Amino acid sequence: MTAPLSELTSWHADWKGLKVAVLGLSVTGFSVADTLTELGVEVLVLSESAAEEYERLVPVIGATLLLGPLDSPPIALIEFEPDVVIASPGFSPRHPLITWVSEQQIPLWGDVELAWRVRDKVLTPRGEPAAWVLITGTNGKTTTARLAATMMTAGGLRAAPCGNIGVPVLDAIRDPSGFDVLVVELSSHQLWYLSLQSGPNRLSPHASVCLNLADDHLEWHGSAAAYRDAKARVYDNTKIACVYNKADDATRLMVEDAEVVEGARAIGFDLGIPGPSDMGLVDGILVDRAFVAERRTSAQELTTLAELDERGLGAPHIVANILAASALARALDVDAAAIRSALRDFELDPHRIQVVSRAGGVLWVDDSKATNPHAAASSLATYPGAIWVVGGLLKGVDIAQLISDRGAKARAAIVIGIDREQIVAAFARHAPAVPVFEVLHSETEDIMARVVELASGIAADGDVVLLAPAAASFDQFSSYADRGRRFAQAVQEREGGADGDDDSPTPGPIG
């Protein structure tokens, strides 16, 4: 007889006999299927398509794979009669299969729910599962997760960044070397699935943060309110520290409304002078007034803006991420010296305000990771007056406010992507003095070559050409990384060409 789900809260519980349908076969879906088969669960994986490697491995691990359309419940799924359905984050609440699962009243989990239940597979030397630290936000999640994990490692903890950062949390749970802390980056999609949790075994992080909130993924959630509510779940059941952005009232309200473990503290961060429970800046020094004994009368220095500038970490939004990560690390008792040491060696990931060239007095910057208006606003604040490369797939988000607030200061705009018309119209309404150039090419191989050609014709000594698309990349590129790589490659190819390549006439703006 299969154990009830309420008893399946340990790796060592009796999972055998359970029947689970796994929706989606990408990195996350495969980690779920692999974990379940290791537990002795009967697994049916359903996906519209799959990479060749995963398609080959699913039967090897002992699961059944069904590939094909999922616009309605397949007969094989209905006949399988699953006890639980575990969906990959790409399946929105209105997907036909998710609707069917709800109608059938079948328990619905995400991968993080499963990971929390089996988190005791490998214990710390103290005989406990790893502590969890949760990170979400519209922007800055991955950078903050990497920063926090690096700081914790420098402080002597075995810390693993995982989750939406690229390493499935289930892979970290099953790593035989074990960890003291899992630094889990969570997307709004994963948090929506967590919101379905109930009962006494709900996820309870040691510390948590929502870095910021701006409209994004509205097509998945259905509304800005639903997106906000999903993000707010990051604070649920937090034990020690709910870290929030003092410059973003939405995150403060999330903390005020959250149901947390008694004794958990609210810790604010921003670029201003910190209060007694905050992280902030004083005369160019990053300081902690939250985790010091005499926080009402003293502060602990973490590092300085001068040191961060030397490492290419001085952009305002990166400094904010550093303060948030420091708060998470301090909640795990990491000392200030370890944080400072970690920052001396830390490097940003590619495609995050990455300088790809300095030539002819022009700075070329790749921030392809700026996939929504909020992220692009941070880039434009760092480089006001840049020649702005913008556009792609807007995901239902209105870009008009960004163009009014930040785009009006641009030296020029070069518009790419499937939603060009909306962007060009927004410039005409809100920033009519900015020269706007449109890249009509639709072939991936041609787009960035044309972008760089246009930018080279516009740019003068001292200018910055900034790729900060404020949009997703999947309309024309395979990923934001692909978009950034192609931009950098086009810059390098043009600079390395024959003499006279930069003498092309300045093109005329559209409109």
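In helix 1, the residues T28, G29, F30, S31, V32, A33, T35, L36 and T37 are buried, where buried denotes under 20% relative accessible area, exposed over 50% and partly exposed the range in between (1.4 Å probe, protein chains only). The model is predicted, with local features requiring pLDDT of at least 70 and side-chain atom pairs counted only at pLDDT 80 or more, whereas totals for chains, interfaces and linings use all residues. Residues are numbered from 1 along each chain as its sequence is written, and side-chain values use heavy atoms, with hydrogens and water left out.

Because nine of its twelve residues are buried, helix 1 is largely enclosed by the rest of the structure. Helices (H or I, at least four residues) and strands (E, at least two) are DSSP runs, numbered from the N terminus. The buried residues of helix 1 pack against strand 1 (19-23), strand 2 (42-47), helix 2 (52-61), strand 4 (84-87), helix 5 (111-117) and helix 7 (169-173), contact being defined by heavy atoms within 4.5 Å. Helix 1 is followed by G40, which has a positive phi near 90°.

Most residues other than glycine have a negative phi. With 14% relative accessibility, K395 counts as buried. Phi of A470 is likewise positive, near 60°; A470 lies in the loop between strand 20 (464-467) and helix 19 (480-495) and is buried, at a relative accessible area of 1%.

A salt bridge is defined as a side-chain nitrogen of Lys or Arg within 4 Å of a carboxyl oxygen of Asp or Glu, and by this rule 23 are counted. One of them joins R174 and E38 at 3.3 Å, N to O. This pair links distant parts of the chain, 136 residues apart, with R174 in the loop between helix 7 and strand 8 (181-185) and E38 in helix 1. R174 is buried at 13%, whereas E38 is partly exposed at 45%. Both residues belong to a network of salt bridges that also links D34, K121 and D171.

A further salt bridge connects E453 and R450 (3.1 Å, N to O). These residues are three apart in helix 18 (residues 444-458) and are therefore separated by about one helical turn. E453 is partly exposed at 33% relative accessibility, as is R450 at 26%.
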